[in-house]
Amino acid sequence: MGTKKLYYKDSYIYSFKARLHKSGTDDKGRFYIVLDQTAFYPIGGGQPNDTGTLNNKPVIDVEEVDGEIRHYMVEPDLTETEYVGEINWDRRFDHMQQHAGQHILTAAFEEQFDYKTLSFHLGKEICSIDIEAADLKEKEANRVEEIANQIIVQNSPIETKWVTEKELDNYPLRKDISVSENIRLVIIPDFDYNGCGGTHPNTTGQVSMIKILHWERKKKNTRVYFACGNRVLAQLHEKEKVIQGLRKRFSVPQEKIMEATNKMHEKIKELESTVSDLNMKLLEYEAKEFIQHAQIFNNKKIVQSVFANRSKLDIQQLAKILVDKNSDILVLFVNETDDKLQLVGSRGEQWNLHMGQFVQQSLTIINGRGGGRENMAQGGGEKVISAENFIEKVMTMLEGYV
Ligand SMILES: [Zn+2]
């Protein structure tokens, strides 16, 4: 015996009485009960399930299996045979608004621009439809939003009808129907005719408002994000908070916020370039200092040092400056981070050694990996020894290398 679906009789029923038909456990071990009738909508057709209570105990999930509607519960009382059901009406009415809003939006896109809807997602905060449009224009989206909201203001009825497959010929359906029995049509007269098993308000006016929020390309199609009903207010509230924050931050009126952020962006780019120039100058000073204290090795020079938590880019730039200006220098820098040792090596033209190979071999001391070109290389490994100890070992290895 299938469950009698009260939400099809009247989508506004949020409280009902029912008798226990059976109880059971599904293949995932979740407990459920089946009643002779219910107002709980099960997940399906793009609409999430209702939540609520049965005899004051929470219903956490609702599914339809073979015509039976399963109410999943955590701690049911199995001695009870009579049930009072209460569905979470705010959640259900919100779903009704989003669902009907989607019908209206889909119809408006198709009517105005022949963009067919491919799929619908009713999300927790916003909804989306994928439409067959490769490049949706702002003008088009604005037009569709306008039409959709006109339909809402007209407060047209939203009717439902059960029809046979034969009777379908009498209706200008938007999409072919995939089922051949129990066909339910949802109709906004002279505007939209659709096969749908979801719940909707009785009039378009109750959708209250539709706002298209933004859209993005999805392969050859476009995903359009939107909100209906109270969600529009929630969106507005959230956006207003952001705008007020920005107004205060920049001390400008709302219409000047974009200009202010553009200016700030330009300023940041300028500052970044200045900082980078200054940093380069500092590195050049530091390089001079290192050359003065360079170690003499076979008539050439070696610069070695240990750093703690310094930026890798800084160290690489410093090594590059040193060998660019001094063809007789070889540089070995070790950087100690919180959990790693990094090695940077570079050499001037007078040195006859492959830096990539040398660094790679040096890193085996600390179970590390790395490599690079003939004159510049880097890599990292574990902190199995101290940075000073590591550089000493690398120096010893160098003596045997050249
Ligand atoms: Zn629907």
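Q: Which strands pair in the antiparallel sense over 3 bridges?
A: In this predicted model, strand S3 and strand S7 (residues 68–73) do so.

Q: Which residue in S7 is the bridge partner of tyrosine 32?
A: The partner of tyrosine 32 in S7 is tyrosine 72.

Q: And what stands opposite tyrosine 32 besides that, say glycine 24 or another residue?
A: Glycine 24 stands opposite tyrosine 32 of S3. Strand S2 (residues 15–25) pairs with S3 in the antiparallel sense, over 5 bridges.

Q: How many residues lie between the strands in the hairpin of S2 and S3?
A: There are 5 residues between them, and in this hairpin glycine 29 has a positive phi near 85 degrees.

Q: Is S3 buried or exposed?
A: Strand S3 (residues 31–35) has 5 of its 5 residues buried, so the rest of the structure largely encloses this strand.

Q: Changing topic: where is asparagine 49 found?
A: Asparagine 49 is in the loop between strand S4 (37–38) and strand S5 (52–54).

Q: Why does asparagine 49 count as buried?
A: Its relative accessible area is 8%, and buried means under 20%.

Q: What is asparagine 49 in contact with?
A: Leaving aside neighbours within four places in sequence, the contacts of asparagine 49 are Tyr41, Pro42, Ile43, Ile60, Asp61, Val62, Arg91 and His95.

Q: On to the helices. At what angle do H4 and H5 pack?
A: Helix H4 (residues 230–250) and helix H5 (residues 257–292) pack at about 55 degrees, and their axes are 10 Å apart. The two helices are therefore oblique to each other, and their crossing is left-handed.

Q: Which residues make the contact?
A: H4 contributes Ile243, Leu246, Arg247 and Phe250, while H5 contributes Ile257, Ala260, Thr261 and Met264. By class, this contact has 6 nonpolar, 1 polar and 1 charged residues.

Q: Last topic: in what order do the 3 strands of the open sheet come?
A: The order is S11-S12-S13, with antiparallel pairing. Strand S11 (159–163) and strand S13 (192–195) stand at the edges with a single partner strand each, so one side of each has no neighbour in the sheet. Direction ignored, neighbouring strands of this sheet are turned by 25 degrees against each other on average.

Q: How many bridges join S12 and S13?
A: Strand S12 (residues 183–188) pairs with S13 over 4 bridges, and the bridge partner of leucine 185 in S13 is glycine 195.

Notes. Residues are numbered from 1 along each chain as its sequence is written. This is a predicted model: local features need pLDDT of at least 70, side-chain atom pairs count only at pLDDT 80 or more; totals for chains, interfaces and linings use all residues. Side-chain values use heavy atoms; hydrogens and water are left out. Axes are lines fitted to C-alpha atoms, for helices over the stretch in contact, and angles run from 0 to 180 degrees between N-to-C directions. Angles under 35 degrees count as roughly parallel, over 145 as roughly antiparallel, 65 to 115 as roughly perpendicular and the rest as oblique. A crossing is left-handed if the near helix is turned anticlockwise from the far one by less than a right angle, and right-handed if clockwise. Contact means heavy atoms within 4.5 Å. Ala, Val, Leu, Ile, Met, Phe, Trp, Tyr, Cys and Pro count as nonpolar, Asp, Glu, Lys and Arg as charged, and the others, Gly among them, as polar. Two strands pair if DSSP finds at least two bridges between them. Buried means under 20% relative accessible area, exposed over 50%, partly exposed in between (1.4 Å probe, protein chains only).
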